[in-house]
Amino acid sequence: MSSTGRLGIGIISAGKVGATLGNALRGQGHAIIGAYAASEDSQERLATLLPGVPALEITEIVERAELVLLAVPDDELAPLVAGLAKLSAWQAGQIVIHTAGRYGAEVLAPARALGALCLAIHPAMTFTGTSLDVARLRGCPFAVTAPASLQPIGQALVAEIGGEPVIVAEADRTAYHMALSHGANHSVTLISQSLQILEKIGIANPGEYLRPLMQAAVEGALQSGDALLTGPISRGDTGSVAAHLQALQELSEEDSSCVHTAATYRTLGIATVARAAWRGKISESKAVELLALLTGEAAE
């Protein structure tokens, strides 16, 4: 670290997350010494979000950087770290941080064995790869996983760029990442399926039509979980559920892509029955009736 507390940071690679975090750290006075940008998209992001930062090879970045930010896909992280360790590329005292949600700091063990200071930080945010992402970092929670002695480094860097650091234990990282993926990524699938059906029946601007309902549902869920669950399952309305299944069957016969929506409806319906029964919104007998419909064990 320099005498002013600013760091020379190298980024591997200039993907959506790496380029955005690099932009934010640069804005706090840190020097971005270089970034790995193999694809055309990465090179374009580098030019847009980190103008003037040179595109360097991975080994050169590790050789020159005081802090190496590893923003690569989860499955590429362990082989990359181990491969650089075999080259003895990691340096004693060098800070190595990765942004993969699935892993804690232990995946960086080969670098730690060579004296590097290893941490994991993960922003609970989806990235577009544009300048809009930088503003989204303000107030964004970041999972920080590291030995207790290194946690302040991760917390300070997150706070510098306006994020909210939250300590997540090494053993909890996979469950943490699953929860975020299940909530955010699967919501995209669910909403996209709903939009497709609205569009098929002629609703103009289906996204705008669905927006008020979805915003209210998401806000309610974030504030109260499933305490405010509404809809036919929470009311025990088997007639509506049966009608929905029939409509999905007809849509699937017209368009085979709707088969996936039918499967999603059944799977999420089964899960919703369990939540509604647990909340006491429906009786045990009504839950059994609904489950028979959703699993196909009852005549529809």
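Tutor: Helix α11 covers residues 238-254, and its 17 residues reach 25 Å from the first C-alpha to the last. That span is close to the 24 Å expected at 1.5 Å a residue, where the expected value is 1.5 Å times one less than the number of residues. Helices (H or I, at least four residues) and strands (E, at least two) are DSSP runs, numbered from the N terminus. The model is a predicted one, in which local features need pLDDT of at least 70 and side-chain atom pairs count only at pLDDT 80 or more, while totals for chains, interfaces and linings use all residues. Residues are numbered from 1 along each chain as its sequence is written, and side-chain values use heavy atoms, with hydrogens and water left out.

The buried residues of α11 are T238, V241, A242, L245, L248, L251 and S252; buried means under 20% relative accessible area, exposed over 50%, and partly exposed in between (1.4 Å probe, protein chains only). An α-helix has 3.6 residues a turn, so residues three or four places apart point the same way. The cover over the buried residues of α11 includes α8 (173-200), α10 (232-235), α12 (258-278) and α13 (284-295), with contact meaning heavy atoms within 4.5 Å.

In the loop between α11 and α12 lies D255. A salt bridge (a side-chain nitrogen of Lys or Arg within 4 Å of a carboxyl oxygen of Asp or Glu) joins D255 to K200, with the closest N and O atoms 3.4 Å apart. This pair links distant parts of the chain, since K200 belongs to helix α8 and the two residues are 55 apart. D255 counts as partly exposed at 21% relative accessibility, and K200 is also partly exposed, at 37%.

R275 and D226 meet through their side chains in a salt bridge of 2.6 Å, N to O. Here too distant parts of the chain are linked: D226 sits in the loop between α9 and α10, 49 residues from R275. R275 counts as partly exposed at 45% relative accessibility, whereas D226 is buried, with a relative accessible area of 12%. Salt bridges with shared partners join D226, R275 and R279 into one network.

As for the setting, the protein has 13 helices and 7 strands, and 40% of its 300 residues count as buried.
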